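Here is a short report on a single structure. Please look over the model before reading on.

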Amino acid sequence: ETRIGQVEYLGNQLIEWGIPIQKPIGGHAIFIDALKFLPEVPREEFPAQTLALEIYKEAGIRAVEIGTILADRDPITRENRYPKLELVRLAIPRRTYTNNHMNYVAAALKNVFDRRETIKKGYKITWESDILRHFTVKLQEM
């Protein structure tokens with residue numbers, strides 16, 4: 001119950017600031033719509049991964065890309081698969097977090113959101129494994 005309440009608390013802060021998240025707010029995580037958050041970053045430069053990295057650089061908060069890198073490549077053509085959505089998942093684990101922790105996460109996201117228009121480039125892959133590339137991919141800023 002506490003975790004669900006904290007996820008809702010965080011999600012409502014983000015909605016209030018206009019940060020595009022998936023609704024309804026989930027029970028264990030917030031899903032940020034990276035295509036709406038970073039519309040200038042081309043799909044081939046991995047907007048969800050770019051956003052996850054920006055959040056980490058801003059405040060040391062780990063998030064997970066659920067987008068093109070996770071979708072992997074077509075096994076025959078080796079072309080990237082571009083899913084309909086590019087999401088960033090902020091999971092709230094079962095630990096003792098306070099609302100101050102949620103406020104920190106919200107403020108970090110707002111800081112990135114406030115400078116989103118300056119984020120026009122993403123990343124390119126410099127190395128990837130043949131399968132499950134999202135675990136070991138190496139990226140370089142464009």
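## Basis

This is a predicted model: local features need pLDDT of at least 70, side-chain atom pairs count only at pLDDT 80 or more, and totals for chains, interfaces and linings use all residues. Residues are numbered from 1 along each chain as its sequence is written, and side-chain values use heavy atoms, without hydrogens or water.

## Largest pocket

The largest pocket has a volume of about 480 Å³. Of its 17 lining residues, I61, R62, A91, P93 and Y97 are the closest to its centre. A pocket is an open set of points on a 1 Å grid where a 1.4 Å probe fits, with protein on both sides within 12 Å along at least five of seven lines; lining residues have an atom within 4 Å of a point. The volume is the space filled by probe spheres set on the points.

Helix 5 (99–114) and strand 3 (87–91) each supply at least two lining residues. Helices (H or I, at least four residues) and strands (E, at least two) are DSSP runs.

## Second largest pocket

The volume here is about 240 Å³. The lining includes Q49, Y56, R62, E65 and H134. Helix 3 gives the largest share, 4 residues.

## E45

E45 sits in the loop between helix 2 (34–37) and helix 3 (47–59). E45 is buried (under 20% relative accessible area, 1.4 Å probe), yet has no salt bridge. A salt bridge needs a side-chain nitrogen of Lys or Arg within 4 Å of a carboxyl oxygen of Asp or Glu. K121, the nearest side chain of opposite charge, is 6.2 Å away.

Notes
Buried means under 20% relative accessible area, exposed over 50%, partly exposed in between (1.4 Å probe, protein chains only). Lys and Arg count as positive and Asp and Glu as negative; His and the chain ends are not counted.
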